[in-house]
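Open the model in your viewer and follow the stops below in order. Each stop says what to select and what is there.

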Amino acid sequence: VECRPGAAPVLLFANRIDIRQVLPHRSEYTLLLNNLENAIALDFHHSRELVFWSDVTLDRIMKANLNGSNVEEVVSTGLESPGGLAIDWIHDKLYWTDSGTSRIEVANLDGTHRKVLIWQNMEKPRAIALHPIEGKIYWTDWGNTPRIEYSNMDGSNRRVIADTHLFWPNGLTIDYAGRRMYWVDAKHHVIERADLDGRNRKAVISLPHPFAITVFEDSLYWTDWHTKSINSANKFTGKNQEIIRNKLHFPMDIHTLHPQRQPAGQNRCGTNNGGCSHLCLPSNKTYTCACPTGFKKVDSYSCATGLDKFLLFARRTDIRRISFDTEDMSDDVIPLADVRNAVALDWDSKDGYIYWTDVTTDSINRALWNGTKQEMVVETSLESPAGLAIDWVTNKLYWTDAGTDRIEVSNANGSMRTVLIWENLDRPRDIVVDPIGGFMYWTDWGANPKIERAGMDASNRIVIISSNLTWPNGLAIDYETKRLYWADAGMKTIEYGNFDGSDRQVLIGTQLPHPFGLTVHEDKLYWTDWQSKSIQKSRTGSDPSLFASPPVVHNPCAVNNGGCSHLCLLAPAPKASSCACPTGINLQTDGKTCTPEGLYVFLIFFFLFHKYNRCRNKVLSCVYVFACVAPHAGKVYWSDSTLKKISRASINGIAHEDIISTGLMTTDGLAVDAVGRKIYWTDTGTNRIEVANLDGSMRKVLVWQNLDSPRAIALYHEMGYMYWTDWGEHAKLERSAMDGSDRVVLISNNLGWPNGLAIDMAGSQLLWADAHTERIEASDLNGQNRRTLVTPVQHPYGLTLLGSHIYWTDWQSRSIQRADKNSGSNTITVRANLPGLMDIQAVDREKPLGFNKCGRRNGGCTHLCLPRPNGTSCACPTGILLKGDGRSCDDSPETYLLFSNRVSVRRISLDTNDHTDVHVPVLELHNVISLDYDSVDGKLYYTDVTLDVIRRTNLDGSGMETVISQGLKTTDGLAVDWVARNMYWTDTGRNTIEVARLDGTSRKVLVNNSLDEPRAIAVAIQIQAIYLKVYYCVRTHHAAITSNESCRIFWVDAHLDRIESSDLNGKLRQVLVSPVSHPFALTQVPPAPPLLLTLSCHTLG
């Protein structure tokens, strides 16, 4: 926008969902910014050509260029209801009001050096206007005592200039030339004016519901919520009222965009920011150097570079600090990303990190106190991490988890994580550590509320408080007085006692609403309260003179990590420290060294939790569960039926990759042949059993007939057998060779929902779990000698075997169970409280792999070598026939169909009987409608009607290029002339038929009249004619092909639901197939001789 003195003003206004401009006398109405959430306040900086606005839905202050470009966030944290905004165009500062936080704040134009300027005696500050030439701020407040105030722009010399006959003082503007201010009161339906000191107050106009106001020369302009309009009137008399623009969405703030509204004035701060290190704020005649919120001034010009003393607190979606270095005690939001539900936090003063737990993302995070270097340090196997404590001496992180009922520890960066306490915990809440004494303390508000103490290495655990507790929440340690403080939300008290629980006393017993967090600083105790939503403080009762510098703590782990190979943990005297290992790794007999190889014998189990698929393992030689691990080959494999993928990762959770990501529907069963390096799976959606190499290559359908919901699958490599359960209409348990041959039903009676399946090779028996009959059963490997092992079991799902025991997951009891594999006796719960449990597998890394039948030269096979009971067989990927030598395969099928499914291209081989579709790896498909194949160059040509392009690619996905990229609207038909090297296409959007060379050059329109949505197209090469079929109902789809052998054309009609043909002149028409359910495309098989066939095959889902 270009405005000149004397030129007509432009009105800039917020309309909630957009920001617009209007010329008052011509009503020209233009859009500046759109797709906004709830834009309320705005202002501009004319010389910098910037517009600023606040959004009270996003709680953001934004800026953009006056042409609408370069939208940026300026202030993104700590806002609640920023309803007023004003720009100091001389000193380049941004001021705003927030009726939610009851503050007026200031910052640089980019949001830096943010400072709470006025916070006392504020209720609901609303509109704000600046007079930088005079160094004044004016604002309205429509709290319980509505008023209009002003102060210097550094916050000094604050005064009330109007506090009578006000109710909802909304808009406020300054007439710089007339030295007056105007405001609107929506409750009193009036526009008033007064001198800048509040004198000579006078009503100007009565109105329905005015919201914001601006002034230019002799006119006032305002927005009105009731009439949804922008209006104007004479500023002296209130007469000559006009409607500038009506029928607006929701007009909010308004300004006159003109240089006269931002007149030039003296910059009090000069060119060097007044010599200030941070903020230079103008006052009446001079300026003041000011510091960002919480930072103290070290002299008249400079601010401290850091905070000496501050209070940290979590407020669910943000983390804030209150500085003790300044008098205002204003809270300042630490600029962190994606804080969903912060509960516990702690501070490491040595490294400057803040740590916090988030019970929505189930993670432990850290960042520097200024918000930089934010990272997740623990992000797996957490369910409700509500307590957190930093051991600042050895740099350890301790936390409680009320979901898993565990207390864990790790290095400060999350590495070397181990479980310290897992038994007899029932909803542990807060935790604090005392590195001086080597103890940790925690609250537990389960069925028997208590406060416990143990060494920081989990030794010497005792209950120190167990009576008169209900919901023991926050804990705090006073190191000087050696007292432990705790808050109880049920008892509504704060109490304290000695470190051993003795000498218990009530500090505050005056019915606190709901105390939660607790901390001690010098002689004061601070706590958060959920119900009153406040932070409160009280004296501890200690003598302030007792407080001195923290004592120097001896660190026995400082030298050579205390002699430990992994974790060195502090412990009570006389031990001082002890060594520990990451979960699942045993400490050797020397008490210092952890087993180097890691896990040997463990369970892997999968479960659904918070909409994520997760896997965990349980170590049998230690005790409990943590993150994802791998089976024998060092990898863990899993299927995800929501993402429709099969994936794998390394033992430490890294190197995650998807190995199968196409052609899956509901992959309920998975088995890895670690010996033969193959993966097998069942799919209840496609009713198939498939196999592939461990990297997903050479995928083959093994079984596809007579399957009805195949579920679990198990392999016996040494015998060459695979077993699977099927819980379709006629539930059964089947077996075949691992190449799919020699299939036989073993058990077909008295089965309901046969879920888990396991093979006991040592005992030569088959074991399965049935969730309908509520039994775990066994038989020999031929299905004979069937017997019940365990009954009843509530809802068994996964089943595995290790040593002399069977393990299974149970959906209903949410637990992992164990029993003797031969008798089913001695049933115990291995792990409870695991909602969403799925499959489970046992891993014994000490057990030898066994002999690989295909180990030598892949069994002589060029592609897949699959075990059989009496040897091996060679096989080819799906759709490809094995050659006559019984060992080798072609690279692709001889005869096949190609079809599109909007976002994919697939191939169905006609060489084999399974007719399984295989994805052609073409990327970036959005809406493929038509395709054709050039057999000369082996190229696939296709149209994408979302991108409006024609592209070609090799069938392996390589060499993709766009041949037509412009002038297309809806390209529904495509045909390739492989002889003349041309392609033809129809465009239903432009009603044309066009032709071009196969590389897109020499493009020409062939037909552009008498067409009404042409669809399919086919070419008959022999007679060099084009045949096309058009349709007149948009809900009807046709396709056409030609056959040069019979000199006929074939087409499908989706409206008449039939397939027809005629000769090439449209004569001798006949119906071939009817009815056909909504046919869309067709092709001819087998193909005609070379140079005589077109292939045009299309499908829509």
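Start by selecting C854 and C865, both of which are buried. A disulfide joins C854 to C865, with 2.0 Å from S to S. The link of C854 and C865 is left-handed, at -75° about the S-S bond. C854 sits in the loop between strand 73 (837-844) and strand 74 (864-868), and C865 in strand 74, so the pair ties together parts that are eleven residues apart in sequence. Keep in mind that this is a predicted model.

Next, select C564 and C579, which form a disulfide with sulfur atoms 1.9 Å apart. This link of C564 and C579 is left-handed, with -80° about the S-S bond. C564 is in the loop between strand 48 (534-539) and strand 49 (567-570), while C579 is in strand 50 (residues 577-580), so parts 15 residues apart in sequence are tied together by the pair. C564 and C579 are both buried.

Move to C269 and C280, another disulfide, whose sulfur atoms are 1.9 Å apart. The angle about the S-S bond is -95°, and the link of C269 and C280 is left-handed. C269 is buried, at a relative accessible area of 6%, and C280 is buried at 0%. The count of disulfides comes to nine.

Strand 71 (residues 815-820) and strand 72 run antiparallel and are joined by three bridges. Select R818 to find its bridge partner in strand 72, I828.

Note on methods
Residues numbered from 1 in each chain as written. Predicted model: local features only at pLDDT ≥ 70, side-chain atom pairs only at ≥ 80, totals over all residues. Heavy atoms only, no water. Pairing = 2+ DSSP bridges. Helix = DSSP H or I, 4+ residues; strand = E, 2+ residues; numbered from the N terminus. Disulfide = S-S within 2.5 Å. Buried < 20%, exposed > 50% of the residue type's maximum accessible area, 1.4 Å probe, protein only.
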